[in-house]
Amino acid sequence: MTTTAMARGDVVRRMEATGVVAVVRLTDPAVGEDVARALIAGGVDAIEITMTVPRAAELIETLVEALPNALIGAGTVTTPETARTVIDAGAKFVVSPVYRPRLVEACHERGVASMPGCFSPTEILAAWDQGADLIKIFPATSLGPSFIKDLRGPFPSIKVMPTGGVSRDNAADWIRAGAAAIGVGSALVDPKAVEARRFDDIMARARAFVDAVRGARSPFAKATGDR
């Protein structure tokens with residue numbers, strides 16, 4: 001299945017608007033649509049299906065068809081060939097844990113947003129100069145929000161999305177430090193909640209993350225630094 005690609009800039013703007021990208025890792029793809037619907041009900045409509053999910057490309061195609069207004073993308077993509085496969089399935093964005101120039105090229109050839117994973121300022125600038133649409137800071141666990149704040153000094157225009165170690169407790173810190181969005185995995189899509197089919201719990205977690213981002217962006221929070 002090949003769908004009309006959403007303009008890359010529009011994809012990034014939608015991610016920024018909510019500020020939360022759900023990183024979905026599942027052992028059973030059969031629950032994927034239920035998880036996605038719970039996330040959307042909680043206000044998170046940017047959903048990254050990682051390639052570690054069994055039959056990930058099939059799940060992406062299913063979600064694109066069932067939830068046409070959602071922003072469904074693919075994660076843990078490391079080769080141009082895989083990028084083309086998920087784009088054919090309808091993925092509107094492609095996220096990688098690493099920066100590989102050929103992967104960015106493959107996405108852009110198809111008009112799809114590429115979000116490579118970078119760790120150092122050198123990698124970040126190289127990926128941005130190539131035209132990457134959003135830089136995934138990974139693993140953000142090892143860096144912390146202060147890294148984003150420091151990065152904003154020399155590179156104020158680069159849009160970054162920390163992923164790895166992002167929790168409800170520190171979500172606002174990343175946004176206040178200058179992140180355009182946050183990528184959230186198990187702290188949002190809790191494996192135990194998925195196993196128990198507690199989709200209402202996932203919806204509540206989504207709402208909490210969206211509220212945290214909104215609060216961090218409020219004029220009062222920016223002016224006072226209040227948490």
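**Entry 1. Strand S1**

I began at Val21, which stands opposite Gly183 in strand S9. I worked throughout on a predicted model, in which local features need pLDDT of at least 70, side-chain atom pairs count only at pLDDT 80 or more, and totals for chains, interfaces and linings use all residues. Residues are numbered from 1 along each chain as its sequence is written, and side-chain values use heavy atoms, with hydrogens and water left out.

For secondary structure I used DSSP runs numbered from the N terminus, with helices as H or I of at least four residues and strands as E of at least two. I took two strands as paired if DSSP finds at least two bridges between them. S1 and S9 run parallel and are joined by three bridges. S1 is also joined to S2 by three bridges, again in a parallel run. On that side I found Ala22 opposite Ile47 in S2.

I then looked up the burial of S1. I called a residue buried under 20% relative accessible area, exposed over 50% and partly exposed in between (1.4 Å probe, protein chains only). Five of the five residues of S1 (residues 20–24) are buried, so the strand is largely enclosed by the rest of the structure. Val20, Ala22 and Val24 point one way from S1, whereas Val21 and Val23 point the other way.

**Entry 2. Ile60**

I next examined Ile60, which is found in helix H3. Ile60 counts as buried, at 0% relative accessibility. I counted a contact where heavy atoms lie within 4.5 Å. Leaving aside neighbours within four places in sequence, Ile60 is in contact with Ile49, Ile72, Gly73, Ala74, Val86, Ala89, Gly90 and Ala91. I also noted the spacing of Ile60 and Ile47: they are 13 residues apart in sequence and 9.7 Å apart in space, C-alpha to C-alpha.

**Entry 3. The sheet S6-S7-S8**

I recorded an open sheet of three strands in the order S6-S7-S8, with parallel pairing. Its edge strands are S6 (117–118) and S8 (160–162), each of which pairs on one side only. S6 and S7 (residues 135–137) pair in the parallel sense over two bridges. Gly117 stands opposite Lys136 in S7. Helix H6 (residues 121–130) packs on the sheet and touches S6 and S7, and its direction makes about 160° with that of S7. For axes I used lines fitted to C-alpha atoms, for helices over the stretch in contact, with angles from 0 to 180 degrees between N-to-C directions.

**Entry 4. Backbone exceptions**

Most residues other than glycine have a negative phi, and most peptide bonds are trans. I looked for departures from this.

- The peptide bond from Phe138 to Pro139 is cis, with omega near -5°; Pro139 is placed in the loop between S7 and helix H7 (145–152).
- Arg55 is not a glycine, yet has a positive phi of about 55°. Arg55 is found in the loop between S2 (46–50) and H3 (56–66) and is exposed, with a relative accessible area of 52%.
- Thr76 likewise has a positive phi, near 55°. Thr76 is in the loop between strand S3 (71–75) and helix H4 (80–88) and counts as partly exposed at 30% relative accessibility.

I found helix H2 (residues 32–41) and helix H10 (residues 199–217) packed at an angle of about 40°, with their axes 7 Å apart. Asp34, Val35, Ala38, Leu39 and Ala41 in H2 meet Phe199, Ile202, Met203, Ala206 and Arg207 in H10.

Which residues does Asp190 touch, not counting residues up to four places away in sequence? I found Arg198 and Arg205. Asp190 lies in the loop between S9 (182–184) and helix H9 (191–195) and is buried, with a relative accessible area of 14%.

**Entry 5. The whole chain**

Lastly I looked up the chain totals. The chain has eleven helices and nine strands. Its radius of gyration is 16 Å, close to the 17 Å that the globule rule gives for 227 residues, so the chain is as compact as a globular protein of that length. Here the radius is taken over C-alpha atoms, and the rule is 2.2 Å times the number of residues to the power 0.38. The C-alpha atoms fill a box of roughly 45 × 40 × 30 Å along the principal axes. Buried residues make up 50% of the 227 residues.
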